[in-house]
Amino acid sequence: MTLRIEQLAFRNFRSYESALLTSLGDLTVLVGENAMGKTNIIEGVQLLTALTSFRHATIDQLIRHGCEGARLQAQVSDGNRELSLDLALDGKVRKYRLNGKAKHPADLKGLVPSVIFTPDDLDLVKGPTAGRRTALDTLGSQVNKNYYVVRRDYEKVIRHKNRLLKEEAAPPLLEAINEMVVTAGAQLACYRAALFARLQPSIAEKYRQISRGRERLTAYYTPSWARSGKEPITPYPGAFPLMTFTRDEAREALARSLYERAAEERRRGRSLVGPHGDAIGFFLDDQDASLFGSQGQQRSIVLSYKLAEAAVVEELLQQKPVLLLDDVMSELDGARREALVDAMEGGCQTFITTANLAYFDQGMLSRAQVVELPLSV
Ligand SMILES: Nc1ncnc2c1ncn2[C@@H]1O[C@H](COP(=O)(O)OP(=O)(O)OP(=O)(O)O)[C@@H](O)[C@H]1O
């Protein structure tokens, strides 16, 4: 049964001294002029659901200026269970509680999943591949606790290895740490490939719907050991078959690549091989969408990706994710807005911000709870 957010309460979070939203239903439209705190609410919900902030904010930035700490709380229910999710931001630490009991974020991942879509998401296509890896890992961490742990472990190992390379550590020390890179890296690559295999057909299908079949989208994932150069600029989508491999195959390929490039890594003083160098990208027909896609095409790719994310979350967790849509309507043309509205009709609880209610049709508004900002509390 899907958990839904029924109530939200913030204290000293961002611009809010105190905020309370009650009786939340399937669709909440947050309307207000610029800087009225619409995005802050979206961010608060994301912190309570995906347990992360799309603004990559530090704890200090999340706490209201001049305050010592902040508190965010959500009442969630699936009709049977009533749960209270709580986040306390205190100095430099964040503490989650579920029904009053302290929880590690890893234990809460996926409890109430969410998918966020903001204007900055255009970077998912246009920006560097690191953003696409982060997007994939954020999704993976929501749907699989082990994914989150393995990614965190891998990042620790790579930070450690980079330190050793900078300090020009002896080769045996580097060989020892490379074994850890192989263990965590192969597992992470397997998680990424398996998740991507679920996402890829869905992204292509959503794109076909949104673009009305005008062009074909191919999304690719290439693990670091299979990349030929710096970026995979191979000019046709067939060059990117879906990568699938077993953990042993990944271990072997990673170990071989680490061995072959060990001297280069030592010379350059940083890790060159491993999932931090995996490539993810999009091709429209035979063109790299980051270089040749129009704004509208790039936006459609992001929209397809987000809708595919929501579908994968539902498939894997048997839970519809909460959709968090920050100021996206103004960015979309009629057809794409329609596709988004269709997705919203899919039963996901949705929070959407706007400066202008004219983007919403009357039928939709009549089903929504419209919250005008600033709140009058
Ligand atoms: N830590 C903080 N303490 C106090 N105020 C903050 C803090 N962080 C952000 N703000 C304030 O929150 C406001 C921005 O809120 P938000 O980003 O939610 O606006 P918005 O309604 O989404 O606006 P827009 O339509 O322009 O995107 C700004 O006035 C900013 O100064």
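Predicted model: local features only at pLDDT ≥ 70, side-chain atom pairs only at ≥ 80, totals over all residues.
Strand 4, which covers residues 69-77, and strand 5, which covers residues 82-90, pair in the antiparallel sense over nine bridges. Strands of a sheet pair through backbone hydrogen bonds, and they can do so either parallel or antiparallel.

**Hairpins around strand 5**

- Strand 4 and strand 5 form a hairpin with four residues between them, and in its turn G79 has a positive phi of about 95°.
- Within this pairing, A74 has L85 of strand 5 as its bridge partner.
- Strand 5 is also joined to strand 6 (residues 93-98) by six bridges, and these two strands run antiparallel.
- The hairpin made by strand 5 and strand 6 has two residues between the strands, and here G91 takes a positive phi near 55°.
- The bridge partner of D90 in strand 6 is V93.

- Five strands make up an open sheet with parallel pairing, and their order is 8-12-13-3-14.
- The edges of this sheet are formed by strand 8 (114-117) and strand 14 (369-372), each of which pairs on one side only.
- When direction is ignored, neighbouring strands of this sheet are turned against each other by 15° on average.
- Inside the order, strand 3 (residues 27-31) pairs with strand 13 (residues 350-354) in the parallel sense over five bridges, and L27 stands opposite T350 of strand 13.
- Helix 11, made of residues 295-317, lies across strand 8 and strand 12 (322-325), and its direction is at about 175° to that of strand 8.

- Another open sheet has three strands in the order 9-10-11, and its pairing is antiparallel.
- Strand 9 and strand 11 (287-288) stand at the edges with a single partner strand each, so one side of each has no neighbour in the sheet.
- Strand 10 (residues 279-284) and strand 11 run antiparallel and are joined by two bridges, with L284 standing opposite Q287 of strand 11.

**Aromatic rings**

- Seven aromatic pairs are found in the structure.
- In one of these pairs, the rings of Y147 and Y191 have their centres 5.4 Å apart and their planes at 15°, and because planes under 30 degrees apart count as stacked, this pair is stacked.
- Y147 belongs to helix 6 (residues 145-166) and Y191 to helix 7 (residues 171-210), so the pair ties together parts that are 44 residues apart in sequence.
- Both Y147 and Y191 are buried.
- The rings of F196 and Y221 have centres 6.0 Å apart and planes at 40°, so this pair is tilted.
- F196 lies in helix 7 while Y221 lies in strand 9 (residues 217-222), so the pair links parts that are 25 residues apart in sequence; F196 and Y221 are both buried.
- One aromatic cluster is formed by F10, F13 and Y16.

**Helix 12 and its cover**

- In helix 12, which spans residues 334-344, the buried residues include R336, A339, L340, V341, A343 and M344.
- The elements that cover the buried residues of helix 12 include strand 3, strand 12 and strand 13, together with helix 7, helix 11 and helix 13 (362-367).

**Pocket and cavities**

- Rolling a probe the size of a water molecule over the atoms shows where empty space is left.
- The largest pocket has a volume of about 1100 Å³, and of the 40 residues that line this pocket, the closest to its centre are T52, S53, H56, T134 and T138.
- Several elements each supply at least two residues of the lining of the largest pocket, among them helix 1 (38-49), helix 2 (59-62), strand 8, helix 4 (123-126), helix 6 and helix 11.
- Helix 5 gives the largest share of that lining, namely eight residues.
- Three cavities of 30 Å³ or more are counted, and the largest cavity has a volume of about 70 Å³.
- The lining of the largest cavity is formed by F117, T118, P119, L122, R299, V302, V328 and E331.

Methods. Residues numbered from 1 in each chain as written. Heavy atoms only, no water. Phe/Tyr/Trp six-rings, centres within 6.5 Å; stacked < 30°, edge-to-face > 60°. Buried < 20%, exposed > 50% of the residue type's maximum accessible area, 1.4 Å probe, protein only. Pairing = 2+ DSSP bridges. Axes fitted to C-alpha atoms, helices over the stretch in contact; angles between N-to-C directions. Contact = heavy atoms within 4.5 Å. 1 Å grid on protein atoms, 1.4 Å probe; cavity = no way out; pocket = protein on both sides within 12 Å on 5 of 7 lines; lining within 4 Å. Points joined across faces, edges and corners; volume = space filled by probe spheres on them.
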